[in-house]
Amino acid sequence: MSEPAARPEVVQLPAEEPVAAPARNRRAAQQRVREARDRLISTSGTRPAFDRELLRQYAQTRLSASLVVTLLVVGTGIVFGAWLQPLSAAAWACGMLCIHAVILRACNRYLAEPPGPNTTRKWRRRFVALDFVYGLAWTAILVHPTGADVVSNSLMMFLMLLVVAVSSMLASSLPIAAIAATAPVTFGVAMSFILRGNFDNYVLAALAVAAEGYFILLAQRLHSTTLAALEARAEKDALIGELEQAKAISDEARHRAEAANVAKSRFLAQMSHELRTPLNAILGFSEVMKSEIFGAHAVAVYKDYSADIHNSGVHLLNLINEILDLSRIEAGRYELNEEAVSLEHVVADCHHLLKLRATSRGITIHEVFEHGMPRVWGDERACRQIVLNLLSNAIKFTPQGGEIWLKVGWTASGGQYLSCKDTGSGIAEDEIPIVLASFGQGSNSIKSAEQGAGLGLPIAKSLIDMHGGTFTLKSKLRIGTEVIITFPPERVMSALAPVMEDAPPLQPDYEITDEKRRPRNKPIMNAGTGL
């Protein structure tokens with residue numbers, strides 16, 4: 001007798017623990033090895049590619065600031081012409097411009113040459129030497145005796161700070177070149193102040209050294225920022241390359257998977273035909289032999305053999321049907337023929353079909369239904385297949401004298417659920433993902449005498465997923481298993497309220513508004529009456 005169903009407690013399956021990706025670890029190890037090798041063969045402690053890029057930025061910065069340096073040299077020559085002989089200032093300016101021209105020519109030649117490790121080292125030394133000569137030339141004009149008054153000291157300090165600042169900024173991509181260009185100037189100016197033997201001059205010398213340290217530190221920070229930007233760009237380029245390679249690999253794998261899927265579909269279509277044709281003959285003739293339609297067997301054992309052949313053929317046919325159904329579901333070709341389905345009636349019919357098998361094993365099936373529930377919108381064939389798979393699995397793995405409960409009722413959210421609970425051997429918690437996978441079988445099912453293909457639960461889960469429902473499996477070893485499937489509330493077909501308004505008349509009522517119009521009951525013709 002059916003009883004009101006208790007609402008089940010739906011428990012989500014435990015999530016799998018994240019597994020460390022070995023490919024990511026290998027990529028990180030390869031990157032560390034590559035960086036260590038690059039630092040060993042580099043002269044500056046960075047990658048050779050970074051050395052070339054830093055030199056390239058140094059050369060481009062020098063070329064872009066050529067006008068600024070030219071104006072600074074010309075302005076300094078004009079200013080110092082007021083204290084020195086104009087001829088000496090002009091000669092210094094010409095020499096300084098020649099040194100600047102040599103640096104610019106060297107930068108152009110470096111940018112025109114192809115990159116290489118030997119050329120990088122050579123040009124690095126060349127740029128440092130040119131910057132050192134550039135610094136000595138500035139020292140020659142700044143330490144020239146122009147007097148010891150306040151104006152000359154302030155002018156010398158101002159020009160020294162200006163030269164050091166400009167040189168540090170221009171050579172920030174190459175810190176050693178910045179030191180080579182600014183150290184002679186600072187040293188010369190500081191010594192010039194110290195040799196004058198005055199406290200104020202000592203203070204100016206200390207300020208000059210402090211300014212040198214500040215600008216060198218600033219150049220070092222700019223170099224670090226530039227190097228970090230280069231590393232970020234290199235990592236971005238490497239990541240883009242890896243993504244493109246991964247995309248190419250995934251595209252190739254997708255093409256192979258599509259080709260394999262097409263081949264699988266062709267194989268299944270051909271094999272289903274090739275296997276069903278002889279199976280029909282095997283099932284038909286074995287049933288004739290088992291039933292002894294044309295007479296009894298001479299040997300009684302042949303009847304049992306015929307029954308075994310027939311049962312094996314039925315099992316093989318069911319297996320082929322399950323494989324084809326699963327392949328259609330995975331390929332997205334399984335179409336739902338949706339209609340109004342009574343979940344209670346479907347479960348009752350499936351119970352009636354498998355009742356004989358359960359009775360032969362001494363298993364009792366209890367029905368716990370909530371009556372009067374509305375229908376659900378779904379595929380009746382798919383619902384029957386879900387119930388048959390769950391119930392057949394429960395009968396298969398329930399021992400003699402066990403019990404099975406079939407429950408149908410409402411969920412807390414307004415949907416409908418089906419529960420199939422048995423007192424079988426149960427499934428270990430770590431084997432639940434295995435039995436839900438295609439062709440997956442737990443240890444108990446492997447040891448069972450009635451082995452299957454491991455497709456019942458995956459097919460049921462896929463079908464309920466297509467309906468937008470949920471599939472929950474709860475099991476404990478030596479206690480039993482319970483499978484709960486739920487249909488969402490939007491698939492429940494609730495009855496509509498009756499329409500309270502009066503229906504319109506079948507024929508409209510005509511109102512006579514004109515006296516010339518014919519009355520309703522007046523005959524059309526008065527033949528022979530004279531009226």
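Author: A definition comes first: helices are DSSP runs of H or I with at least four residues, numbered from the N terminus. The model discussed here is a predicted one.

Reader: In which helix do Glu380 and Arg384 both lie, and how many residues apart are they?

Author: An α-helix has 3.6 residues a turn, so residues three or four places apart point the same way. The side chains of Glu380 and Arg384 meet in a salt bridge with an N to O distance of 3.1 Å. About one turn of the helix separates Glu380 from Arg384, both in α11 (residues 380-396), and the spacing is 4 residues.

Reader: Are Glu380 and Arg384 buried, partly exposed or exposed?

Author: Buried means under 20% relative accessible area and exposed means over 50%, with partly exposed in between. Glu380 has a relative accessible area of 26%, and Arg384 stands at 25%. Because both values fall between the two limits, Glu380 and Arg384 are each partly exposed.

Reader: How many salt bridges does the count come to, and which residues are linked in a network of them?

Author: The count comes to 12 salt bridges, taking a side-chain nitrogen of Lys or Arg within 4 Å of a carboxyl oxygen of Asp or Glu. Among them, Lys247 meets Asp251 at 3.1 Å, N to O, while Glu258 meets Arg254 at 3.3 Å. Each of these pairs lies in helix α8, with a spacing of 4 residues in Lys247 and Asp251 and likewise 4 residues in Glu258 and Arg254. The network of salt bridges links Lys247, Asp251, Arg254 and Glu258.

Reader: What are the relative accessible areas of Asp251, Arg254 and Glu258?

Author: Asp251 counts as partly exposed, and its value is 22%. Arg254 is also partly exposed, at 40% relative accessibility. Glu258 is partly exposed as well, with a relative accessible area of 41%.

Reader: Which residues gather in a patch of positive charge on the surface, and which elements give two or more residues to it?

Author: The patch brings together Arg105, Arg109, Lys122 and Arg126. The elements giving two or more residues to this positive patch are α4 (86-112) and α5 (117-142). Arg126 has its place in helix α5, and its relative accessible area of 30% makes Arg126 partly exposed.

Reader: How far does α4 reach from its first C-alpha to its last, and which of its residues are buried?

Author: With 27 residues, α4 is expected to span 39 Å at 1.5 Å a residue, and the model comes close to this, reaching 39 Å. The buried residues of α4 include Trp92, Met96, Ile99, His100, Ile103 and Leu104. Also buried in α4 are Ala89, Ala93, Ala106, Cys107 and Tyr110.

Notes: Residues are numbered from 1 along each chain as its sequence is written. This is a predicted model: local features need pLDDT of at least 70, side-chain atom pairs count only at pLDDT 80 or more; totals for chains, interfaces and linings use all residues. Side-chain values use heavy atoms; hydrogens and water are left out. Patches are made of residues with over 30% relative accessible area and no salt bridge: like charges are joined within 9 Å, nonpolar side chains (Val, Leu, Ile, Met, Phe, Trp, Tyr) within 5 Å. Accessible areas come from the Shrake-Rupley method with a 1.4 Å probe; for residues, only the protein chains shown count as cover. Lys and Arg count as positive and Asp and Glu as negative; His and the chain ends are not counted. The place of a charge is taken as NZ of Lys, CZ of Arg, CG of Asp or CD of Glu. Buried means under 20% relative accessible area, exposed over 50%, partly exposed in between (1.4 Å probe, protein chains only). The expected span of a helix is 1.5 Å times one less than its number of residues.
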